[in-house]
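Biologist: I would like to learn how to read a structure. Can we go through one together?

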Amino acid sequence: LLYAGNNSNFDQSHPQWLHKDNFLCAFTAPDLLATLRTEYQVEAGDGRRLLTVWSRHGNINRQASSTPLLVADLACQAGRDETSDFFSELCGKKVICVCANASYVVTP
């Protein structure tokens, strides 16, 4: 999740190292991200790359009955856009969900 003001530093087709302060991460937003629990799954059968986000408030063990705040497929642009919107609203800064290797990306 790249901060939007820093997106000129990122080239998806030729990614280069960027310092972590360019991204929404535990380095730049530790208190915010500590309130979330996440899971990332690659679905081998259909190529989906699912990011699921839950709130840690009231359900630290992420029981099966908890309702996710976000479930997005990062293998497609719509899922990355949904993820960008979710985290932008959450952190109060525009962020962009980027991928360094577009070889697996499926565009709807």
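Biologist: How many salt bridges does the rule count here?

Modeller: A caution comes before the count. This is a predicted model, where local features need pLDDT of at least 70, side-chain atom pairs count only at pLDDT 80 or more, and totals for chains, interfaces and linings use all residues. Residues are numbered from 1 along each chain as its sequence is written, and side-chain values use heavy atoms, leaving out hydrogens and water. Now the idea: side chains of opposite charge can pair when their charged atoms come close. The rule asks for a side-chain nitrogen of Lys or Arg within 4 Å of a carboxyl oxygen of Asp or Glu. The count is one salt bridge. Asp-46 and Arg-48 form it, at 2.8 Å from N to O.

Biologist: What is the relative accessible area of Asp-46?

Modeller: Buried means under 20% relative accessible area, exposed over 50%, and partly exposed in between (1.4 Å probe, protein chains only). Asp-46 has 48%, so Asp-46 is partly exposed. Arg-48, at 34%, is partly exposed too.

Biologist: Which residues touch the most other members of the largest nonpolar core?

Modeller: In soluble globular proteins, nonpolar side chains tend to be buried together. A nonpolar core is a set of buried Ala, Val, Leu, Ile, Met, Phe, Trp, Tyr and Cys residues joined through side-chain atoms within 4.5 Å. The largest one here has 13 residues, and Leu-24, Leu-51, Val-53, Leu-70, Phe-86, Phe-87 and Val-95 touch the most other members.

Biologist: Which residues does Val-95 contact, leaving aside neighbours within four places in sequence?

Modeller: Contact means heavy atoms within 4.5 Å. The partners of Val-95 include Leu-1, Tyr-3, Leu-24 and Phe-87.
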